[in-house]
Amino acid sequence: MLTVVAGVTPILAAVATRALVDELTRPAGTDSGTLVALGAIVVAAGGLGTVLGYLSSLVAGIQRRAIQFTAENDVHKALTRLRGLRRFEEPDFQNRLGLAMQSGADSPGAVLGSCFELIRSAVMIGGFVGVLVVTWWPASVLLVVAAVPTLAAQRSLARSNASTTETAMALHRRRFSYQTLLTGLASIKEVKLFDLEGLFHDRMMSYSARANAKEIAAERRTALTQSAYVLLTVAVMAVGVVYVIGRAASGGLSAGDVLIFVTAVTSVQTGLGSMARESARAGRAVRLFHHYMAVLACPPDIASGPREPTALRRGIVFEDVWFRYDESGEWVLRGLDLTIRAGESLALVGVNGAGKSTVMKLLCRFYDPDRGRITWDGVDLKELSTSELRRRISAAFQDHTVYDLTVAENIGVGDVARLDDRAGIAAAARMTGADEVARELSDGYDTLVSRIFFQGEGEQPGTALSGGQGQRLALARAMMRDDADLLLLDEPSSWLDALAEQHINRELIERRRGRTSILISHRLSTLREVDRIAVIAHGQVTEIGSHGALMALNGSYAEMFQAQAAAYTEASLKVAGHE
């Protein structure tokens, strides 16, 4: 309604202006009341158009925010259907996701805004074309002839500009990655120490320049094309203006007729230009919107099974499992066979890249094996509900996360249903020493663990934790699911000193006695308490047994253990000799 009325007001103002000019130029003179009334109509029409413009902007802003909110919500809901990690590791999907976030927020609003602008321009053009028909009808025919190639060119520009945006997205993602390195707390220490700012800045600006060059080339092409067709329209309409002025000079038309014809020509030309721009904008938005729709329609990468897993009673079995992260990459697991008995604590050891962390990721069903299968009490993991399976698992990963949340929330998110269970949070914290961390902070468990946000509504910044303190929080988070059938600990104490690591490992093994646990650690002295140790090499289990049994076997585990022990012994002798 606002758009239609806004399109009518320029016509009303133009008609009133013509009448006012004709009355002012009438030889016999005109009643002053009529002149005042016509002047009031001109001013009112202009004022109404301005007010309608403000109201339209308000409504458009409300619509734009509602669309952005809905689009963001829909994209992230779609991402929750991706149960695994593989898609997030694909550059093409990351590019598409970036375009989906951009087009989902912008495209519907752009199309809607373009539609409203097209409606307003169409109403205005329709009214002024009527004026042209009355004044000199061939002008309207010339106008249509000039408009057809203009609109056709806009369709071509829309395709070209959409393609440019798709190409530039990959460049912008690279630019943003370097920007994050230059500003993120996780990287800024090394950036400063190794003087990487110049290198990363140059690379960031290089990608930015390349993206800008592509976008500017598209904008230049658009501007030149549109300008060419505007000049064509001007040339066509100039013929009409010259004809009308000639008729007015011979007495065939009044001064008001000339004024409204010129106004109509100018308004129609402006309206056509606006329609051309909005058509191109809407066309580009529609072409990019398919990325948003593709993400929303993206099928789950890991199909959830129909069966609900039962409490683990017999164990988990890897049967001839083969796996690689990329179809063209090296095999990480090569026919791995491994039985994890229910209720036992099992440690996985091996050199870096042997496949230890991959075993844990497959247990969480972040990926599925390429060959072979993994069973939970005899049932293939693929047949189990993914969400229900994960509810029976808790984990602390090597690359743990410390969230920009309070200490209590950092621990409580390990079991969201118990996020407000302070007693449970404190109990989990005591198991890993995180309780000591909380008690040393100014606001205890309510301390914000962040240096980039203010705490509460004041301007007091949060607190940054050391690596060891953050790891204690991550371990406590894993302990929140105290009823989990399976606990996975991947280098859970890599940030801790040897004594703290040994204490926590013993505490966890004791607290988890009777429940299944898998532990990865390169510090072999901490593994003597586990029930069994499996050595993984070249994607297969090469040795398995207790610490004593593997030492008696005198194989690769014994070699690794003795090498570490020798290093500690040599260090101790050097210290003793120095003293």
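**Aromatic pairs in a predicted model**

Ring pairs join Tyr178, Phe200 and Tyr207 into a cluster. This is a predicted model: local features need pLDDT of at least 70, side-chain atom pairs count only at pLDDT 80 or more, and totals for chains, interfaces and linings use all residues. Residues are numbered from 1 along each chain as its sequence is written, and side-chain values use heavy atoms, without hydrogens and water.

Biologist: How many aromatic pairs are there?

Modeller: Rings of Phe, Tyr and Trp (its six-membered ring) pair if their centres lie within 6.5 Å; planes under 30 degrees apart count as stacked, over 60 as edge-to-face, the rest as tilted. By this rule, the count is ten.

Biologist: Which class does the pair Tyr178 and Tyr207 fall into?

Modeller: The ring centres of Tyr178 and Tyr207 are 6.2 Å apart. Their planes meet at 15°, so the pair is stacked.

Biologist: Is Tyr367 buried or exposed?

Modeller: Buried means under 20% relative accessible area, exposed over 50%, partly exposed in between (1.4 Å probe, protein chains only). Tyr325 has 26% and is partly exposed. Tyr367 has a relative accessible area of 3%, so Tyr367 is buried.

Biologist: Over which ring does the charged end of Arg324 sit?

Modeller: A charge sits over a ring if NZ of Lys or CZ of Arg is within 6 Å of the ring centre and within 35 degrees of the ring normal. The charged end of Arg324 is 4.2 Å from the ring centre of Trp331. The ring is that of Trp331.
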